[in-house]
Amino acid sequence: MRKLLLISTVILVGLVFIARLFYLQVYDNSAYNIFEDIAIKKEYNYPKRGYVYDRNGELLVANQPSYDVMVIPREVAPLDSLEIDEFCKLLKITREDYDNKLQRATTYSPRLPSPFVPQLSKKDYAVLQEKMRKFEGFYIQKRSLRSYQTTIGANVLGDIGEVNRSIIEKQPYYKLGDLIGNQGVEKTYENVLRGVKGIKFIQKDRFNKNIAPYKDGIYDTLPKPGKDITITIDAELQAYGELLMKHKRGGIVAIDPSTGEILAMVTGPSYNPNDLVGRNRSKNYTKLHYDTIAKPLYDRGLLAQYAPGSPFKVINALIGLQEGVIDVNDTYTCRMGYYYGSRKLTGCHHHSNPTNMNWGISQSCNGYFVHVYRKIIDKYDDAGVGMNVWANHAKSFGLGNFLNNDLSVGRKGRIPDGDYYDRAYGDNRWGSTYIVSNAIGQGEVETTPIQLANMTAAIANRGFYYTPHIIKNIEGDTIPKKYTTPKYTTIDKENFEPVVQGMFDVYNYGTAQSLKVPGIDICGKTGTAENYIKIDSVKTQLTDHSIFVAFAPKDNPKIALAIFVENGYWGSRFAGKMATLMIEKYINGNITRTDLESWILTHSLENEYKKPYSGEPFQINRGSQLQVIDNYAVELPETSDLKL
Amino acid sequence: MLRANQRHFKFDWITIILFLLLVGFGFLNILSASHIGEITSYFDTDQLYGKHMMFIGLTFVLIVLILSVEAKFYEQFASVIYLVAMLTLVGLFIFGKEVNGARSWYGIGSMTIQPSEFAKFATALAVARYMSDLQTNMQTIKDQISVVAIIFTPALLILLQNDAGSTIVYLSFFFVFYREGLQQVYLTIAISLIILAVVGLKFGVLITAIIAAIIIFTSYFLRKRKRGSLIKHIAILVACVVFSYGVKLFYEHALQPHQQNRISLWLRLEKDPTKLERMKKVEAYNLIQSEHAISSGGLTGKGFLQGTRTTGKFVPEQHTDYIFSTVGEEWGFMGTSFVVLLFVMLIVRILYLAEAQKSQFSRVYGYGVASILLVHFTINIGMVMGLIPTVGIPLPFFSYGGSGLWGFTILLFIFVKLDSNKINEW
């Protein structure tokens, strides 16, 4: 027995050790990851971020150096009070800030560098640099920030910001403190613009000193510079659109129908992209983010999903022709509305009769289109089947679904089909008379401005479109094929001519006859859409949205656009004028309709937007007053500045 | 010729191979843990591994010397060797050099020698000599006191030189005493005292008293044949309480702060988070770094000379007491379990050989060797993995250092020599 004590102790100790080692080294241990090894310092070498140019080669976004003052608390030499005051003055901080920042850095780590004062301006840096030697433990780290060469296109260009933890978890490429595209092309072309950062692995000792490259640098990589990109935006047109949109809310999307390139993408209100660069970034971003009424960060051109109103009538005209339920010359007599028996399903404004297709489009007759729409749906015995046929035609124009393009945000819109109403009313418990609002672009149909612009481009092309996109050229690369392959609508080419003629006549003798531009054949369609909000949970109607779609010239069109102005009342009142001006600007380069321009620049809708939040009763549409602003004189020089 | 051959082969080659494997593998790890910059030559004596290589070279000279001396010499001169060893320990008080707060070194030129490493084999020899005396009877109090005196003399001297870790090693001789007939009751008492001390510190005296009372009285009342009176049991209980209170007092007042903190960390006694944080940065720094290094090795390790924490010298004292963490990082679980197996096999082999000895002297000495190795192995590897509180003693044959390597080599090879001589004793 006595012999066994020692021998069993030895074996027991051996077993306990092996079990513990198994636990430490095998069981409780994930695979070795060099990025989690504290003994290896990872030194990143950031490449130049790619520049962004507009379609005419104008530089929009470049880079600028920024200087962060860093601190390693352990190495800070004791400073006397005078020296600290001098340092604070150089950094433009208070003594209290100094103490707090130093304390925070020490708490984080006495040995590791922490940012002390981030993003100094070039001027502050120049002054500080000479005296930096005096302040041991502090040093300046250079970083590259974006430099916007323009004040426009904030929503198009986007911005870059520091990655957050959820991004780091999903994409291990990014490390804390890295920058990533946040919105706009900075986001969608992040991988192209950022390049690939280089990395050096350095063996450290326990005092955080570098010893040597890890494994002689065999894993080190060089940075790959980001590629420059050219976007399809025309900076001058974009700037002009933003000028027109001042003091209004809404969106403009202009597309080159022959390529699908987005020429301008305006949202109002917007902001200066430079506001989101440098020391004030987070302050300004917070301000923009929390403006939940004007929503400057909300890209209305891409996201504002509303009833399209009358522009949608042209789709019904096209479907009607394609389905063969009407002929161009069929007439309908509108009696200030559409009557089903003695019941008035929809109203209409005053215009002469009888109404054929051309007259229906140019006068925007509601009754005519309800008539057409019902014929389409009722062509089939089952309204559900009719509705599905109708929806498929409408969807072939890129409506009711994501465009699947290279913009950072977007919405589906809505094109209802048979199933939609079966769910809403019950199977087969509805008919064409239930849903006549779709005929005039109200009701359940919803679109975004970019979808409307694309729809207009498809009409301009007489039956096909290219997916609207913003990338024109990537340095040393080609753009995806999906942007260069046409997508065909379900409508035959010959059916477009009468509809295009109708849109042309909108300018000739229709709802936009006052907006003609000499020398340019513009085709357009006005829209006026009712809209409601809830004020203290009471559904309240606001002044109608002003909507306009147009393309020009009539033959070989160069530009197709959709404009939507919140609470602008009827279509030609705000949106129509702006559309005309945009087209003239793009095609002629200068403005002859200066009367329209000055009207737009001197009229504001700010008072209209204040109404729902005033807490007082207010009047809409006819009862609302136009607000004239007197900063026309101030605004105009800016127009000439727009040469950029 | 034939005689010479026989001589060669009567040594226990299994022990020698295990020894060589440990020393060789130890050198590779010292190389990894101590090299600074490029390794130009394994014999570069400017670097620690080069010095260790030199120590290993001298070790073989020592081995030849030890094996060529007559086996009888060790038995006959045991007392003299012990006496010399004790004198060198005493001499430290006058001529000693203080390193890291412990006055345990003699400085000879640029070299330092730690006599406590040599006192181990001397004590083992003395214990073996005394116990193998025909007149010695371990059952008697007188002889028990005598052997305890033999081991407590060096233990006390070393403790006074502020090297608490090495003191603990001398307790390993109780394994030997037990093997040679020390009463069962001492073992029971020893185990009870360890449990009392740990439970007392961890849960407080009151809870310890309650638990002890439950155990003692249950055993008293459940036993059919009552052994000893109730009063005797109560006395045991009182002794337990007094002991555990004494341990508490000792822990709080007699221990040095760093020793206190090591125990506190091990038993997780500190509840104040800021103090705990500070302790983790100071007292537990080595331990945490060493555990990280070991676990980062995974199953197969990062490869020889590829350990990032080893290269970065993240574990202080890695080439000496914390050498096992290098094995863990660079050779992984494969390497660490290999080392553990080598030690277990070596100790088991020594015990096996000891049991086969005809002379009591050789057997007791063999047991002494096994016990000393076991305590070093257990404490050192247990410590670097955080299983027991930090006690600074080296890993035999593995850790950097001439004194340590030579001390253990002499300890082991005297036994190899004694073992080889067993045929002559027929």
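Leaving aside neighbours within four places in sequence, which residues is B:Trp266 in contact with? In this predicted model, the residues in question are B:Ile388 and B:Pro389. B:Trp266 itself sits in helix H13 of chain B, which covers residues 257-267. A related pairing is that of B:Trp266 with B:Thr390: 124 residues separate the two in sequence, while their C-alpha atoms are 8.3 Å apart in space. B:Trp266 has 19 other C-beta atoms within 10 Å; because a residue needs 20 or more to be buried, B:Trp266 is classed as partly exposed.

A:Ile180 has 18 C-beta neighbours inside 10 Å and so counts as partly exposed. Not counting residues up to four places away in sequence, A:Ile180 touches A:Ile160, A:Gly161, A:Val163, A:Ile167, A:Tyr174 and A:Glu190. A:Asn191 is 11 residues from A:Ile180 in sequence, and the C-alpha to C-alpha distance for this pair is 9.3 Å.

Turning to chain A as a whole, its secondary structure comprises 22 helices and 22 strands. Of the 644 residues in chain A, 42% are buried. Among contacts in this chain between residues at least 6 apart in sequence, 72% link residues at least 24 apart.

In soluble globular proteins, nonpolar side chains tend to be buried together. The largest nonpolar core here contains 125 residues, and A:Ala254, A:Leu561 and A:Met582 have the most contacts inside it. Helix H17 of chain A (residues 449-460) supplies the largest share of this core, with 8 residues. This core lies between domain 1 (41-231) and domain 2 (235-641) of chain A, because both domains give residues to it. The surroundings of A:Met582 can be spelled out: apart from neighbours within four places in sequence, A:Met582 is in contact with A:Leu237, A:Tyr240, A:Gly241, A:Ile252, A:Ala254 and A:Leu561. Another core, of 99 residues, lies apart from the largest one and includes A:Leu21, B:Val176, B:Leu182 and B:Leu353.

The contact between the two chains draws 29 residues from chain A and 35 residues from chain B. On the side of chain A that touches chain B, the elements giving two or more residues are helix H1 (2-27) and strand S8 (198-204) of chain A. H1(A) accounts for the largest share of that side, 18 residues.

Two helix pairs in chain B round out the picture. Helix H2 (residues 13-34) and helix H17 (residues 323-355) of chain B have axes that come within 10 Å and cross at roughly 160 degrees. H2(B) and H17(B) are therefore roughly antiparallel to each other, and their crossing is left-handed. Residues making this contact include B:Leu18, B:Leu22 and B:Phe25 of H2(B), together with B:Val327, B:Leu342 and B:Leu346 of H17(B).

In the other pair, helix H5 (residues 78-95) and helix H7 (residues 141-160) of chain B pack at an angle of about 20 degrees, with axes 10 Å apart. H5(B) and H7(B) are therefore roughly parallel to each other, and H5(B) passes H7(B) in a left-handed crossing. Here B:Met86, B:Leu89 and B:Val90 of H5(B) meet B:Thr153, B:Pro154, B:Leu157 and B:Ile158 of H7(B).

Notes
Residues are numbered from 1 along each chain as its sequence is written. Chains are lettered from A and ligands numbered from 1 in the order in which they are written. This is a predicted model: local features need pLDDT of at least 70, side-chain atom pairs count only at pLDDT 80 or more; totals for chains, interfaces and linings use all residues. A nonpolar core is a set of buried Ala, Val, Leu, Ile, Met, Phe, Trp, Tyr and Cys residues joined through C-beta atoms within 7 Å. A residue is buried if 20 or more other C-beta atoms lie within 10 Å of its own, exposed if 12 or fewer, and partly exposed in between; C-beta atoms are placed from the backbone. Helices (H or I, at least four residues) and strands (E, at least two) are DSSP runs, numbered from the N terminus. Domain bounds come from an automatic or database domain assignment. Two residues are in contact if their C-beta atoms, placed from the backbone, lie within 7 Å. Axes are lines fitted to C-alpha atoms, for helices over the stretch in contact, and angles run from 0 to 180 degrees between N-to-C directions. Angles under 35 degrees count as roughly parallel, over 145 as roughly antiparallel, 65 to 115 as roughly perpendicular and the rest as oblique. A crossing is left-handed if the near helix is turned anticlockwise from the far one by less than a right angle, and right-handed if clockwise.
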